[in-house]
Amino acid sequence: MNKQLTLDQLSDIIKEEKSTLILCHKNPDPDTLGSAFSLKHILEYYNSKVSVACCDMPSQKFNFITGGISLEYDYGSYERIIAVDVASPTQLGDLSFLAESVDLIIDHHAMNTRFAPYYEDLGASCAEIIFSIYKFLGIKLPKHFFECVYAGMSGDTGGFRYSNVTTRSMEYGAQVIASGIDHAEINRIIFESKTMGEIKAQQLTFEKMELLCNGSLAVIMLTNEIKEQNGIFDEDISDIVNSIRSIEGVLVAVSIKQGTKDPQRYSVSSRANCDIDVSRVCALLGGGGHARASGAMVTAPDPKSAYEQCVPLFEKAVKEFKAR
Ligand SMILES: [Mn+2]
């Protein structure tokens with residue numbers, strides 16, 4: 001069993017001057033990126049040299065967080081590795097070979113597999129934890145720190161709207177805004193701006209998706225064939241599950257994406273608009289996450305068998321919910 005750290009112990013570790021690699025989860029979202037780059041500011045304050053790595057290229061619209069990071073790293077030459085917003089080794093995607101070398105996990109997922117010593121707090125976002133650390137340390141940091149933290153907090157709460165929002169989320173949000181950041185612009189970029197590739201992918205998604213359980217379950221399966229035929233790249237489809245979730249009457253939305261590098265690996269994302277705990281369904285597929293937002297990686301010889309592994313489980317969950 002890996003050790004659970006207190007905020008005191010965590011801050012002592014953070015103050016150590018060590019070259020550090022911070023790992024984000026695959027399909028990077030504003031929370032994993034915002035947490036990584038805000039933590040980078042804290043570590044740099046204590047003179048550590050820091051790089052951030054992710055197996056997938058972040059959407060260009062998140063350049064305000066990343067500064068447009070390059071993904072070329074020498075994985076061996078760091079004194080410590082910290083994973084942020086990463087619930088399990090599979091969430092590291094192609095970087096999961098580094099899971100054994102992770103020295104510290106900072107995360108907010110109830111289903112974290114605790115694959116290394118960890119600091120855990122079940123707040124709405126991992127960025128809330130980073131902000132707690134900042135407050136505990138009482139240090140002064142540049143504006144970019146607050147932009148990153150805000151991006152994470154707002155990203156995981158849908159702009160402070162989801163059921164995971166607590167009074168602490170709002171209090172922290174207010175304190176971050178008080179630093180003088182342009183929060184409206186950050187929200188515009190996260191929620192109201194899409195690259196042309198994302199728009200194209202969205203259009204294709206609405207064409208190809210399926211509505212099951214009398215319109216309560218929306219499913220989109222994107223195979224490599226469909227992606228290639230339509231000139232769609234992986235960074236364009238990171239958020240498609242949220243597009244189909246917005247359809248009136250949909251209780252659960254599921255996206256199944258075939259891996260580009262490994263076509264026998266399928267990335268499953270699910271969202272619930274009601275009290276269906278999709279993390280339980282994803283746990284049956286070896287994954288996990290939050291009650292209303294979860295994922296899994298499925299291995300299958302072809303798209304049809306991947307579909308058959310996943311979709312009946314979600315159908316069952318929706319039918320059981322409706323029969324309640
Ligand atoms: Mn998160």
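1. Basis. The model is predicted, so local features need pLDDT of at least 70, side-chain atom pairs count only at pLDDT 80 or more, and totals for chains, interfaces and linings use all residues. Residues are numbered from 1 along each chain as its sequence is written.

2. Domains. The protein chain is assigned domain 1 (7-192) and domain 2 (196-323). Such bounds come from an automatic or database domain assignment. The C-alpha centres of the two domains lie 25 Å apart.

3. Where they meet. How many residues of domain 1 are in contact with domain 2? There are 11, and they meet 10 residues of domain 2. The side of domain 1 that touches domain 2 has three nonpolar, six polar and two charged residues. Contact means C-beta atoms, placed from the backbone, within 7 Å. Ala, Val, Leu, Ile, Met, Phe, Trp, Tyr, Cys and Pro count as nonpolar; Asp, Glu, Lys and Arg as charged; the others, Gly among them, as polar.

4. The parallel sheet. Five strands form an open sheet in the order β2-β1-β3-β4-β5, with parallel pairing. Its edge strands are β2 (50-53) and β5 (118-120), each pairing on one side only. The twist averages 20° from one strand to the next. Strands pair if DSSP finds at least two bridges between them. Strands (E, at least two residues) and helices (H or I, at least four) are DSSP runs, numbered from the N terminus.

5. Detail at β1. Strand β1 (residues 20-23) is joined to β2 by four bridges. L23 stands opposite A53 in β2. Helix α2 (residues 30-45) packs on the sheet and touches β1, β2 and β3 (80-84). Its direction makes about 170° with that of β2.

6. A helix pair. Helix α4 (residues 126-137) packs against helix α5 (residues 143-156) at about 140°, with axes 7 Å apart. Axes are lines fitted to C-alpha atoms, for helices over the stretch in contact; angles run from 0 to 180 degrees between N-to-C directions. C126, A127, E128, I130 and F131 in α4 meet V149, G152 and M153 in α5. By class, the residues of this contact are six nonpolar, one polar and one charged.

7. Around β9. Is strand β9 (residues 265-272) mostly covered or exposed? Seven of its eight residues are buried, with 20 or more other C-beta atoms, placed from the backbone, within 10 Å of their own. Strand β8 (residues 252-258) runs antiparallel to β9, with seven bridges. A hairpin through six residues joins the two. Q258 stands opposite Y266 in β9. β9 also pairs antiparallel with β11 (residues 293-299) over seven bridges. There, S267 stands opposite M297.

Technical notes:
Two residues are in contact if their C-beta atoms, placed from the backbone, lie within 7 Å. A residue is buried if 20 or more other C-beta atoms lie within 10 Å of its own, exposed if 12 or fewer, and partly exposed in between; C-beta atoms are placed from the backbone.
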